[in-house]
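Please keep the sequence and the structure in view while reading.

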Amino acid sequence: MTVPPAGLVHDPDTAHEFTMQFTSTPRGARLARRLVSHRLHDWGHPYDSAANETMTLIAAELVANAVRHGHVPGRDFHLRLAASPARLRIDVTDTRTEKRPVRGTRPDSGGAESGRGLVLVEALAADWGVSPRSAAPGKTVWAVVGLP
């Protein structure tokens with residue numbers, strides 16, 4: 001397991017931060033993805049910019065995994081998006097302790113329709129990893145994207 005980079009919450013260069021709780025449903029995942037794109041646009045990363053498109057894709061993968069693999073009935077997932085001049089960071093927290101994603105795993109070459117999301121995250125993010133949830137059972141999957 002990789003230790004997450006210094007959290008942007010404590011980074012004095014953090015310019016923006018957004019946190020929200022979402023229902024662990026496909027609708028909640030869709031809303032989370034759209035809000036990530038909207039927030040980034042509001043923070044100066046237009047919808048068609050590489051930063052916005054990259055973080056929106058990463059958000060889509062992480063929140064879909066939280067809904068599909070991290071769902072515990074009656075529990076929501078949390079999303080945190082933070083921006084500094086040098087990087088963007090997303091944290092997606094769910095309440096399931098097991099089913100932790102593993103870095104460096106590759107899907108088999110079979111015709112499976114799923115299982116490639118973290119391969120995309122690994123390809124797009126400067127770094128990503130999994131951390132235990134600090135205040136309750138669960139985990140946080142995070143990703144960082146550098147800005148030019």
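The buried residues of helix H3 pack against helix H2, strand E4 (127–132) and strand E5 (139–146). Here contact means heavy atoms within 4.5 Å, and buried means under 20% relative accessible area, with exposed over 50% and partly exposed in between (1.4 Å probe, protein chains only). Helices (H or I, at least four residues) and strands (E, at least two) are DSSP runs, numbered from the N terminus.

The model is a predicted one, in which local features need pLDDT of at least 70 and side-chain atom pairs count only at pLDDT 80 or more, while totals for chains, interfaces and linings use all residues. Residues are numbered from 1 along each chain as its sequence is written, and side-chain values use heavy atoms, with hydrogens and water left out.

Within H3, the buried residues are Gly117, Leu118 and Val121. They lie on the same side of H3 because they cover an arc of only 90 degrees around its axis, the arc being that of the directions from the helix axis to the C-beta atoms.

Two packed helices are described by the angle between their axes and the distance between the axes. For H2 (residues 50–68) and H3 (residues 117–124), the angle is about 145 degrees and the axes are 9 Å apart; axes are lines fitted to C-alpha atoms, for helices over the stretch in contact, and angles run from 0 to 180 degrees between N-to-C directions. H2 contributes Thr54, Leu57, Ile58, Glu61, Leu62 and Asn65 to this contact, and H3 contributes Gly117, Leu118, Leu120, Val121 and Leu124. Seven of these residues are nonpolar, three polar and one charged, where Ala, Val, Leu, Ile, Met, Phe, Trp, Tyr, Cys and Pro count as nonpolar, Asp, Glu, Lys and Arg as charged, and the others, Gly among them, as polar.

Helix H2 also holds Val63, which is buried with a relative accessible area of 1%. Leaving aside residues up to four places away in sequence, Val63 touches Ala29, Ala32, Phe77, Leu79 and Val92. The C-alpha atoms of Val63 and Thr93 are separated by 8.8 Å, although these residues are 30 apart along the chain.

The strands form an open sheet of five, in the order E1-E2-E3-E5-E4 with antiparallel pairing; two strands pair if DSSP finds at least two bridges between them. E1 and E4 are the edge strands, each pairing on one side only. Neighbouring strands are turned by 15 degrees against each other on average, direction ignored. Helix H1 (residues 26–42) packs on this sheet, touching E1, E2 and E3, and its direction makes about 10 degrees with that of E2.

Strand E2 (residues 77–83) is mostly covered, with six of its seven residues buried. Seven bridges join E2 to E1 (residues 16–22), and Glu17 has Ala82 of E2 as its bridge partner.

Taken as a whole, the chain has three helices and five strands, running β-α-α-β-β-α-β-β from the N terminus. Of its 148 residues, 42% count as buried.
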